[in-house]
Amino acid sequence: AKAVSAAVAENGKILCSGYQDTGLTHSRTLMPIVEAILKNTDLTIADCDAVCVSKGPGSYTGLRVGVSTAKGLCFGSGKPLIAVGTLEILVDQAQIPDQTGNAVTSDNFKYIVPMIDARRMEVYAAVFRPDGTRVTETAPAIIDEHSYADILEEGPVLFIGDGAGKCA
């Protein structure tokens, strides 16, 4: 996507994270973010168990920068590389606030449809159940308004991601 981010996590809890959406290229912003979060947590790559990176879908150049950076960190440190799909990451984070501001879990929905803006009025998307299992069997695909009509009529459906506004 347009933004770049990195985080250090331990036992499923984010210890420190960095995010930037200034329009600068990922190649100029990613490593300074990584360096800052490691410094703020008093850690080095050697202290980490692994490096995780998004494998897409997403911006071609952004993914190349992220994967290249992650592979470089792993090559230099001997740490394993874990690649996770961007849509799966969005589903895993799916929460919306209710009227009081408390989180409503994704269990309130029959399906979750993460969407990433693919530009040209298209999105990358897939359909998941609230437990994270994929309903659609194909890889993330560019879709139009008729792609999942039969599944989505069963609703309620939670649309998430920077492409969700295009589903209207």
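Predicted model: local features only at pLDDT ≥ 70, side-chain atom pairs only at ≥ 80, totals over all residues.
## Overall layout

The protein contains four helices and ten strands. Along the sequence, they follow the order β-β-α-β-α-β-α-β-β-β-β-β-α-β.

The protein has 168 residues, and 33% of them count as buried.

Two packed helices are described by the angle between their axes and the distance between the axes. Here the pair is helix α1, residues 26-40, and helix α2, residues 60-77. Their axes come within 10 Å and cross at roughly 40°. Angles under 35 degrees would count as roughly parallel, and 65 to 115 as roughly perpendicular. The two helices are therefore oblique to each other. Their crossing is right-handed.

Which residues meet in this pair? From α1 come H26, S27, L30, M31 and V34. From α2 come G62, V65, G66, T69 and L73. By class, this contact holds five nonpolar and five polar residues, with no charged ones.

## A hairpin

Strand β7 spans residues 111-119. β7 runs antiparallel to β8, and four bridges join the two strands. Within this pairing, D117 stands opposite V123 of β8. Together the strands form a hairpin, with two residues between them. R120 lies in the turn and has a positive phi of about 55°.

Key: Residues numbered from 1 in each chain as written. Heavy atoms only, no water. Pairing = 2+ DSSP bridges. Axes fitted to C-alpha atoms, helices over the stretch in contact; angles between N-to-C directions. Parallel < 35°, antiparallel > 145°, perpendicular 65-115°, else oblique. Left-handed = near helix turned anticlockwise from the far one by under 90°. Contact = heavy atoms within 4.5 Å. Nonpolar A, V, L, I, M, F, W, Y, C, P; charged D, E, K, R; others polar. Buried < 20%, exposed > 50% of the residue type's maximum accessible area, 1.4 Å probe, protein only.
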